[in-house]
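Please look through the two chains below before reading on.

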Amino acid sequence: MGEKILMKGNEVIAEAALRAGCRHYFGYPITPQTEVAHYMARKMEEIGGTFVQAESEVAAINMVYGAASAGVRAMTSSSSPGISLKQEGISYAAGAELPVVIIDIVRCGPGLGGILPAQCDYFQMVKGGGHGDYHNIVLAPQGVQEMYELVVDAFNLADKYRNPVVVMGDGYMGQMMEAVEFRDVERIERYDKPWAACGSEMKREHNTITSIYIEADVLEAHVNHLYEKYRLIEENEVRADVFNCDGADVIIAAYGTCARVTKNVIKDAAKMGIKVGLIRPVTLWPFPKKAFEQYASVPKGILTVEMSMGQMVEDVKLAVGGRNNVYFYGRTGGNVPAQKDILAEVVKIARGEGGDLR
Amino acid sequence: MSIVFERPHALIDRPLHYCPGCTHGIIHRLVAEVLDELGIEGATVGVASVGCTYNSYEYFNCDMVQAAHGRAPAVATGIRRSLPDRTVFTYQGDGDLAAIGTAEIVHAATRGEKITTIFVNNAIYGMTSGQMAPTTLVGQVTTTTPFGRKPELHGYPIRVCEMLSTLEGTAYAERVAVNNVPNIKKAKAAIKRAFQVQQERKGFAIVEVLSICPTNWGMSPEKSLEWLGENMMEHYPLGVYKNVELTSDGAK
């Protein structure tokens, strides 16, 4: 066991990236993730890495695209409006099969919205956001310790599959301070990158990194190749925290901060004689469909709780496939679903009094 | 018998897809000759942009990365910062560099990124069929200025070398043309210097190459070369706008 340190989520993101071997970070200031850049600016100079404060989020993601093309581990971080700007580069990285890591500390929208925590980037991260047929791998931590682990895993997964990986946390995940232990150094995996554009030294054919395939059949073959990769990822990399679900009356689907509030709701409901289970997707893509299939027949139904107007609930509905009622409870604008309000929804559903049926 | 002229090794033996009379072929060749002469093909990563040269990676024999529209200087920044002992160049057109990618080129220059930019200015969008470019001359007819570019409606053409030469991070900026043999020779010398500036880590280097687009200008290649000399050079004077002394200067 190592030492536990009290640290802010955003700083842990930066520290995790450094421990994962990332020496190239490119960012642009935006609340509530800017501490990642502060930490990187200081550390990269100390250790001889690269920190560039880019002229825009657009430039930052394209710098990451360049660095990943060259074969190094590279990362950018931002928050929702900044992520919208990065979507162009993320689509290109997916098309060119580049291992890039993107951190999204989500704030409320649409538009400039506000700077308070939210989960309303689910659609733009999980469903694409950029143009074209592609998927990001999307990891959703529920606290600072898991943030460390998932950021390290993000670099491993990005290299393993040559694919963009997003670590998406609501604003609390970046701003909260918790104890973290930097364990599991063996989590860091290394992959050869013979495809990298790093100079041929005239010892091999020249390498090309590109996302353009002008001929229909060639592009279709490329996209089919991507989808074969996505199928493998769905087969091998799904992660979910399934808690208290066996014999449950109601199951709550929630991730990040909402999942943590739900843990307390489970205790409150137990006192009232209602057994509540939790399915917490850790990978938002690939989505843990099987966990929902397994518990689709929970007697009273499934309640999805989000800090949004209902985005992940669509995937829950797809996974449940009409076999049960899927309800929704959410708050937005920077508000968090309160323990008592979630409990009230649970009680209604358990008593068969309905809810926001989706 | 000695060989006096051959295809540069850094240029792949493959037919170019460019329109008849297009000068991209000449500029590609000049870049490849410089890579050969400096012996850096194996230590170079080029960045292709969006426009007619989107697939210049089909022609250059060094490692290549294809960038999104206008983002080549940012991509090149990422590559160069990751490979400090490599040479990195971007090859960009006027729409790519001076319109959608203005922020990226200005900031790469002001950061003094150790990259070389080959900026091909033919005063028009070629690939998308002849729309107004930021460099389109006043009065010039394009598919989006059908009655000629009018400053009161469309603004003025941007002089990129002049603009970038005001930035401390720019070590070298020169405008050349490929409309005749003497100018082509000067263009080659400028491109070579722009790579040497990078090799000596002096800062950002750009060569603006006045070029032609017979297809979208609606002229023969021969007439286009004349038009370049008669019209473009007045607004875009050839010459060195920024220069630094190089160690290799003393070696000569």
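Arg201(B) counts as exposed because it has 10 C-beta neighbours inside 10 Å, where a residue is called buried if 20 or more other C-beta atoms lie within 10 Å of its own, exposed if 12 or fewer, and partly exposed in between, with C-beta atoms placed from the backbone. Although Arg201(B) is not a glycine, its phi is positive, at about 55°, and the residue lies in the loop between α7 (181-199) and β6 (204-210) of chain B; helices (H or I, at least four residues) and strands (E, at least two) are DSSP runs, numbered from the N terminus. Glu97(A) is found in the loop between α4 and β5 (100-106) of chain A, and it counts as buried because it has 20 C-beta neighbours inside 10 Å.

This is a predicted model, in which local features need pLDDT of at least 70 and side-chain atom pairs count only at pLDDT 80 or more, while totals for chains, interfaces and linings use all residues. Residues are numbered from 1 along each chain as its sequence is written, and chains are lettered from A and ligands numbered from 1 in the order in which they are written.

Two further backbone features belong to chain A. The peptide bond from Thr31(A) to Pro32(A) is cis, with omega near 5°, and Pro32(A) sits in the loop between β2 and α2 (35-47) of chain A. The bond from Trp285(A) to Pro286(A) is also cis, with omega near 0°, and Pro286(A) belongs to the loop between β13 (283-285) and α10 (289-294) of chain A.

The buried residues of α1(B) include Ile27(B), Leu30(B), Val31(B), Val34(B) and Leu35(B). An α-helix has 3.6 residues a turn, so residues three or four places apart point the same way. The buried residues of α1(B) pack against β1 (44-48), β4 (116-121), α7 and β6 of chain B, and just after the helix Gly39(B) takes a positive phi of about 65°.

Which way do the residues of β7(A) point, and are they buried or exposed? Val165(A), Val167(A) and Gly169(A) point one way, Val166(A), Met168(A) and Asp170(A) point the other way, and all are buried. With six of its six residues buried, β7(A) is therefore largely enclosed by the rest of the structure. Strands β5(A) and β7(A) pair in the parallel sense over six bridges, pairing being assigned if DSSP finds at least two bridges between two strands, and Ile105(A) stands opposite Gly169(A) in β7(A). β6(A) likewise pairs with β7(A) in the parallel sense, over three bridges, with Ile137(A) as the bridge partner of Val165(A).

Chain A is divided into domain 1 (4-236) and domain 2 (241-350), with bounds that come from an automatic or database domain assignment. Their centres, taken over C-alpha atoms, are separated by 28 Å. Across the boundary, 24 residues of domain 1 of chain A are in contact with 20 residues of domain 2 of chain A, contact meaning that the C-beta atoms of two residues, placed from the backbone, lie within 7 Å. The elements of chain A that each supply at least two residues of the domain 1 side include β7 (165-170) and α8 (216-236).

The largest nonpolar core has 194 residues, and Val64(A), Val151(A), Val250(A), Val346(A) and Val209(B) have the most contacts inside it; such a core is a set of buried Ala, Val, Leu, Ile, Met, Phe, Trp, Tyr and Cys residues joined through C-beta atoms within 7 Å. Helix α6 (residues 144-161) of chain A provides the largest share of this core, 11 residues. Among the residues that Val250(A) touches, not counting those up to four places away in sequence, are Ile274(A), Val298(A) and Val346(A).

Between the chains, 35 residues of chain A are in contact with 30 residues of chain B, and α3(A) gives the most to the chain A side, with nine residues. Two bridges join β9(A) to strand β2 (residues 63-66) of chain B, the two running parallel, and Thr208(A) stands opposite Met64(B) in β2(B).
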